[in-house]
Amino acid sequence: MQHVTDERMTPAAVGSHHLVVVANRLPIQRVEGRWETSPGGLARAMLGVLRSRHGAWIGWSGDVEEVGDAEVPFDVSGATARRLELDDIEMISVPLTADDFQHYYESVSNGALWPLFHDAIRESTFDADSWAVYEAVNRRFAEAAAAAAAPSATVWVHDYHLLLVPAMLRAMRPDVIIGFFLHIPFPPQELFMRMPWRESILDGLLGADVIGFQRSVGADNFVGLAKRLRAAEPDEHGVRTNGESLGDGRHVRVGTFPISIDVDEVERIARAPETIARAREIRSRMGDPETIFLGVDRLDYTKGIDLRLQSFATLLDERAAGRVQDSSSRRPIVLVQVAVPGREGVDSYVEERRIVEQLVGDVNGGHASIGYPVVHYLRRSLALDELVALYMAADIMLVTPRRDGMNLVAKEFVASRIDDTGVLILSEFAGAADELTQAVLVNPHDPDAIVAAMHSAMAMSAPAAAHRMREMRRYVTGHTVDDWARSFLAALGEVSGSRNADDTDHHDANDAAPDAVDPAPAAAAGLVVADRG
Ligand code: G6P
């Protein structure tokens, strides 16, 4: 059911939602004139929880608006509004003008934060005017959250676009429980120290009650910086704040919550006869190659697509020169590379596309024969069922980012290999390497190591590959995106429980009870949650 409300948001008014997700993007798309929830793993995990808690999702619709454009983006049957109810979840749009988009999204989020947080693989650009817009946009998100949240509600803020929201929201609504999860890596201290806005970012995050990271190294980096720059006092579970702006002596839990995928959905698709048939068709249309390597990434310089292509070229050169034993087969080996475009207003992304496409041309120019390219390059996004068919058609998955918060493609590949075949080559610099330890782990910065990993994956015996895949599948099946969401919400529930116990005078029990998340300790629920260290 689609329900449109044209009431405008009133900042600082108390809302009615017991669980509010705040993320840069709304999980919606327009299909044949109707709004639908979009299919990403995060959305799927959160939508179920939101539905059961009369939840709201606050985010940007993806459309850039003209200044003063009051009532877009939701246009449903002639009506326009900022709020849209989809499947019992309220979608609340935060509008972005072209200027906001340029400064908040392109310049600060993707021109300064993204590269620095990914090991400074590209130089960050720091622009003070853009930072002012980043602050203003963060404030709008915080105001929208403050207006939507019921008394003592839980608000879960996501990712690097919104680093300032926790403290802003706390100032507006001290009654709400605030969680923040960073989907990308949190950098080492010496890199973070380059950030001109480093204190503001730490203060912003320290406004949360629980801060979650993908890997324990990120949590440790954060705690070290909070101590160094904000005199926060670390303890076993996080830090205690120290300083007027942060609210003296407040405890902030800092933990590791590795995100995952919707395993049931991937397995369901993998078991479907159409997917199995499609996987066979893909192989045969490529000439039934000896080995299919596969890469699936956003077209982003962090993903190491260029390094992978160079190593693949080396592998082909070696085979052509007869320097490897397995070159006796006349059947070709191929690489399928799916590259999903995005952020094309940022120069480094334009440059990355140029580099990747030149390499694709070079490798095909040197090794393809008529009708048989060796690199199949698809620059587009694919539906999950086509992706799963590709995962199943491949022999060896190449996930070789220079740095990655988690990398869900690695987990999707594993979940789709229901017959325990296939080999995963995985970068040590992806968060997934902490969990998928049975992958062929590789340092992507070492070209020889990638080539060696390709050889060892090709030479791996079927029983050895099956053993590794079974172990990884067991892990992924036991750690789904639902488990991840539950564990983070359970950590927030513990905060809510202890706050209620400490401060019964401030809270009417009726306020806290209906929206409080399960206060059972996350660990007791058997979920992935680890405090720092
Ligand atoms: C990464 C970020 C997400 C982001 C996604 C797509 O996974 O962690 O927050 O939504 O990339 O990037 P985009 O810039 O298109 O939203």
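Colleague: Quick one to start: is the crossing in which α8 passes α13 left-handed or right-handed?

Modeller: In this predicted model, α8 passes α13 in a right-handed crossing. The axes of α8, residues 263-271, and α13 come within 8 Å and cross at roughly 50 degrees, and that makes α8 oblique to α13.

Colleague: Which residues make that contact?

Modeller: On the α8 side they are Val263, Val266, Glu267 and Ala270, and on the α13 side Glu412, Ala415 and Ser416. Sorted by class, the contact of α8 with α13 has four nonpolar, one polar and two charged residues.

Colleague: And α12 with α13, at what angle do they pack?

Modeller: Helix α12, residues 384-393, and helix α13, residues 408-416, pack at an angle of about 70 degrees with their axes 9 Å apart, and α12 and α13 are therefore roughly perpendicular to each other. From α12, Leu384, Leu387, Val388, Tyr391 and Met392 meet Val409, Glu412, Phe413 and Ser416 of α13. The residues of this contact divide into seven nonpolar, one polar and one charged.

Colleague: Switching to the sheet, what is the order of the strands?

Modeller: The open sheet has six strands in the order β20-β19-β18-β21-β22-β23, and the pairing is parallel. At the edges stand β20 (375-378) and β23 (440-442), each with a single partner strand, so one side of each is left without a neighbour in the sheet. On average, and with direction ignored, neighbouring strands of this sheet are turned by 20 degrees against each other.

Colleague: How many bridges join β18 to β19?

Modeller: Eight bridges join β18, residues 291-298, to β19, residues 333-340, and these two strands run parallel. Within β19, valine 336 is the residue that stands opposite leucine 294.

Colleague: Which strands does α10 lie across?

Modeller: Helix α10, residues 305-320, lies across β18, β19, β20 and β21 (396-399), and it runs at about 170 degrees to β19. Helix α13 also packs on the sheet, where it touches β18, β21 and β22 (423-427), and its direction makes about 165 degrees with that of β22.

Colleague: Back to helix pairs, then: at what angle do α10 and α11 cross?

Modeller: The axes of α10 and α11, the latter covering residues 347-367, cross at roughly 10 degrees and come within 9 Å. α10 and α11 are therefore roughly parallel to each other.

Colleague: Which residues meet there?

Modeller: In α10 they are Ile305, Asp306, Leu309, Gln310, Phe312, Ala313, Leu316 and Asp317, and these meet Glu352, Ile355, Val356, Leu359, Val360, Val363 and His367 in α11. By class, the residues of the contact of α10 with α11 divide into ten nonpolar, two polar and three charged.

Colleague: New topic: how many aromatic pairs does the structure hold?

Modeller: The structure holds 23 aromatic pairs. In one of them, the rings of phenylalanine 117 and phenylalanine 186 have their centres 5.5 Å apart and their planes at 75 degrees, so the pair is edge-to-face.

Colleague: Where in the chain are phenylalanine 117 and phenylalanine 186?

Modeller: Phenylalanine 117 is in helix α2, residues 98-117, while phenylalanine 186 is in the loop between β13 (177-181) and α5 (189-192). The pair therefore counts as edge-to-face by its planes at 75 degrees, and it links distant parts of the chain, 69 residues apart.

Terms used:
Residues numbered from 1 in each chain as written. Predicted model: local features only at pLDDT ≥ 70, side-chain atom pairs only at ≥ 80, totals over all residues. Heavy atoms only, no water. Axes fitted to C-alpha atoms, helices over the stretch in contact; angles between N-to-C directions. Helix = DSSP H or I, 4+ residues; strand = E, 2+ residues; numbered from the N terminus. Parallel < 35°, antiparallel > 145°, perpendicular 65-115°, else oblique. Contact = heavy atoms within 4.5 Å. Nonpolar A, V, L, I, M, F, W, Y, C, P; charged D, E, K, R; others polar. Left-handed = near helix turned anticlockwise from the far one by under 90°. Pairing = 2+ DSSP bridges. Phe/Tyr/Trp six-rings, centres within 6.5 Å; stacked < 30°, edge-to-face > 60°.
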